[in-house]
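Please look through the following notes with the sequence and the model side by side.

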Amino acid sequence: MKELLNQLVALQAIDMEIDQIDQAIKAEQNALDERISALAKREALINELQEKISAQQKESRTLEGEMADKMTHVRERQSKMMQVQTGREQTALLKEIEDAKKSAKENEESIVAIMLSIEQLTAQMNEEKNLLKGEKELVAEETEKVRANIEAINKGKREKDSQRGDQATKIKAPTLKKYDTLRLRRNGVAVVNVVDGVCQGCYMAIPPQLFNRLLRGDELFDCPTCQRMIHYAPAAEEKN
């Protein structure tokens, strides 16, 4: 039984190394994904700014057309002033001209405000474009670097996978299945040591009688609380 426990512990040690390799690959990929996601957000912001600029340019053209029409109306009304016959008609025309000029002035002020806004949006968009260009170059370099890192990490993983395959053949299928299931359900840890009667997986005390039987090392036991396979490995000072 001690041999089986030793094989299980050795298998778990390899699996934990593979887990660390997988986490390293995931960390590399996640960091790159975050950079790519940031690029996408910046591109979306640039598109949003461009849409605002286009909408304001359209509004400005509409206001310019309306202002031109109002000024044409003013000139027509001014020409008609020479033809009025009565003071009442003259007063009405003057009011119409003033109202049109006032409305055209409001259009002009709105156009100026829009042009200022377009100028600010354009400056912001150009700044974002410059930042995007620089970030794209960095991400391209980072992508190659991450690809090389992952390839190097995967090379080490392939070696560990091979070791894992060899080690797994030393364990009977039912025990291996139980081990794999426990690793899946117990955060990657299927076999744990018991120190001073306490399971190091769930940190719960096991019954004294069970601990005494565990010390003999001639049976395979499960923790009554977390169901992990348990064994007893004396601390270094105890061995000495």
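1. The model is a predicted one, in which local features need pLDDT of at least 70 and side-chain atom pairs count only at pLDDT 80 or more, while totals for chains, interfaces and linings use all residues. Residues are numbered from 1 along each chain as its sequence is written, and side-chain values use heavy atoms, with hydrogens and water left out.

2. Asp-99 and Lys-95 are joined by a salt bridge (a side-chain nitrogen of Lys or Arg within 4 Å of a carboxyl oxygen of Asp or Glu), their closest N and O atoms being 2.9 Å apart. Because the two residues stand four residues apart in helix α2, about one helical turn separates Asp-99 from Lys-95; helices here are DSSP runs of H or I with at least four residues, numbered from the N terminus.

3. The structure holds 18 salt bridges. One of them pairs the side chains of Glu-128 and Arg-42, at 2.3 Å from N to O, and this pair links distant parts of the chain, with Glu-128 in helix α2 (residues 87–168) and Arg-42 in helix α1 (residues 2–80), 86 residues apart. Glu-128 is buried, with a relative accessible area of 12%.

4. Arg-158 and Glu-151 also form a salt bridge, with 3.4 Å between the closest N and O atoms. Arg-158 counts as partly exposed at 47% relative accessibility, and Glu-151 counts as partly exposed at 41%. A network of salt bridges links Asp-15, Asp-19, Arg-164, Asp-180 and Arg-183.

5. Which residues does Thr-175 contact, leaving aside its neighbours within four places in sequence? Thr-175, which lies in helix α3 (residues 173–185) and counts as buried at 17% relative accessibility, is in contact (heavy atoms within 4.5 Å) with Leu-4 and Leu-8.

6. For the lining of the largest pocket, the elements that give two or more residues are α1 and α4 (208–216), and α1 gives the most, with four residues.

Methods. Buried means under 20% relative accessible area, exposed over 50%, partly exposed in between (1.4 Å probe, protein chains only).
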